[in-house]
Amino acid sequence: MYKALADAIRDAEKEKKTLAHLALDTEARDQGRPVAEIRAALQRALDVMRGAIEKGLTGDLYSASGLVGGDAAKLRKNPNGPLAQTPFRDILTRALAVQEVNAAMGVIVAAPTAGGAGILPAILTGLAKARSVPDEKVVDALATAGLIGAVVAERASLSGAEGGCQAETGAAAGMAAGAATEMLGGSPSQVGHAVALTMQGTLGLVCDPLGGLVELPCVFRNATGSAIALAGIEMALAGITFAIPVDEVIDVMGEIGREMDVRYRETAGGGLAATPTGRRLAKERLYQIKRSDG
Amino acid sequence: MAKPSATWEGAKMVSLLDIIGPVMVGPSSSHTAGACRLGLLARGLIGGTPQTGLLQLHGSFARTGEGHGTDKALVGGLLGFRPDDERLRDALHIAEREGLDYKFEKTTIADASHPNTVRITIELNGNKATMLGSSLGAGRILVQEIDGYPVEVTGNLHTIVLVAEDRKGSIARITGILAEHDINIATLRLSRKERGGDAFMVIECDEEPDKKAGEELRALDWVRWTRRLPKVSGG
């Protein structure tokens with residue numbers, strides 16, 4: 001797969017292809033598999049994503065610790081709020097739903113990781129519904145997202161333990177923004193700007209889950225990460241450009257991750273996990289998990 | 001959580017389907033999906049659900065494993081459940097029903113061990129195996145030791161590990177046996193500590209080596225030890 005988004009954007013423009021088709025052709029060549037087989041695997045991923053959203057919206061799922069759950073349903077039912085009746089709020093709801101399913105040991109697609117698994121399905125299926133985008137185009141968007149994620153893995157990291165939350169929900173938001181921008185008709189170059197405009201907004205975000213569990217704040221970071229991605233999509237489709245090239249934004253995310261103190265990299269030693277309440281809740285809830293397992 | 005950076009040896013992430021995937025039971029690709037695959041690999045060593053299992057957890061597996069369902073995922077793997085199988089959630093209860101007597105211990109294995117590491121000791125009808133493996137992130141795993149022998153197995157392909165006396169023609173004999181069983185070799189790594197010392201072989205195969213192929217390899221008088229491991233990851 002590509003090691004720089006700039007190279008992919010150049011090739012897509014030269015070959016007059018979408019980034020999605022470039023990614024699918026490259027994957028087929030790299031892995032020696034037909035495009036149809038890769039598309040079928042991505043379609044299955046999309047089906048699992050939709051299943052997780054549906055399951056999460058019922059509102060009766062809680063994590064083993066009980067720290068998170070029930071909030072997707074709460075958001076969906078609230079008639080007030082400035083985003084009521086908008087695709088924006090539907091997307092936030094979907095992001096919470098997937099993460100609540102994940103925390104409750106339900107089936108999800110790690111995209112790119114389990115901790116950031118709510119953002120890509122929320123953005124793509126939410127916008128697909130709002131704009132009546134056919135599945136074929138959503139599968140294309142997943143390929144574009146995979147290309148962006150592969151470049152981030154290559155140049156920076158997709159691991160909270162290595163690079164903080166900017167490498168998990170930040171990368172997921174960048175992938176979702178780029179993929180959705182193309183899905184809604186953006187050019188390859190606009191995709192690059194959407195990723196840059198989104199990831200600049202998540203730089204420096206630490207990974208600080210209570211007790212080291214993929215629950216709090218992870219579930220909510222998927223909603224706020226989706227909001228940042230929507231801002232990136234909106235700006236990129238309006239023709240707004242970001243002066244720092246997207247590959248340099250990705251590089252600096254990796255650099256910040258490497259400089260980040262180990263307390264802020266999934267160890268529960270800093271950030272929200274280390275607040276007095278964070279420590280107390282983690283202690284109580286971990287005890288509860290042991291007890292419920294007998 | 002935790003996908004490895006592309007620089008991790010043996011864990012290069014270039015495939016789209018690695019990024020958009022795996023499909024898995026939550027909440028953590030390293031603590032849940034990877035743990036399940038380690039259990040599945042260990043089960044493969046003895047060819048079925050063990051009657052007893054000792055699971056020694058190290059590092060982050062010991063510290064946050066319960067909240068991530070690492071215990072359920074490991075036991076689920078031993079029962080033969082894959083990472084996307086929703087029965088993982090109830091694996092501890094199912095194990096009791098199916099007569100798998102498991103025990104967890106928290107331990108410190110070695111300073112150099114990856115944070116998510118487990119040593120699994122299992123037995124089925126007198127057939128015993130031990131395995132030391134780590135979850136690297138993104139559901140990817142690496143087995144470092146089997147029955148005390150150092151190995152490097154990822155579970156991306158069907159694998160044969162083998163220790164043999166260092167003698168001429170041994171590779172030809174082994175590849176010949178595999179060819180007779182219509183098994184294509186994808187990769188073969190050979191190493192030895194000294195000239196004339198034991199040779200370690202890790203053979204990754206496109207097809208699953210059957211029991212008979214394994215027995216024929218074991219029957220060679222210069223083969224000291226061999227095991228077959230199933231494919232547990234990859235498309």
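In the predicted model, helix α9 of chain A covers residues 169–183. Of the 15 residues of α9(A), 15 are buried, that is, with 20 or more other C-beta atoms, placed from the backbone, within 10 Å of their own. After α9(A) comes A:G185, with a positive phi near 105 degrees.

Chain A has 13 helices and one strand, assigned as DSSP runs (H or I of at least four residues for helices, E of at least two for strands) and numbered from the N terminus. The radius of gyration of chain A, 19 Å, is close to the 19 Å given by the globule rule for 294 residues, so the chain is as compact as a globular protein of that length; the radius is taken over C-alpha atoms, and the rule is 2.2 Å times the number of residues to the power 0.38. Buried residues make up 59% of the 294 in chain A.

Contacts (C-beta atoms, placed from the backbone, within 7 Å) link 37 residues of chain B with 51 residues of chain A. Strand β1(A), residues 107–109, pairs with β1(B) in the antiparallel sense over three bridges, where pairing requires at least two DSSP bridges. In this pairing A:V107 stands opposite B:V25.

Residues are numbered from 1 along each chain as its sequence is written, with chains lettered from A and ligands numbered from 1 in the order written. Local features need pLDDT of at least 70 and side-chain atom pairs count only at pLDDT 80 or more, whereas totals for chains, interfaces and linings use all residues.

Conventions
Expected span 1.5 Å × (residues − 1). Buried ≥ 20, exposed ≤ 12 C-beta atoms within 10 Å, placed from the backbone. Contact = placed C-beta atoms within 7 Å.
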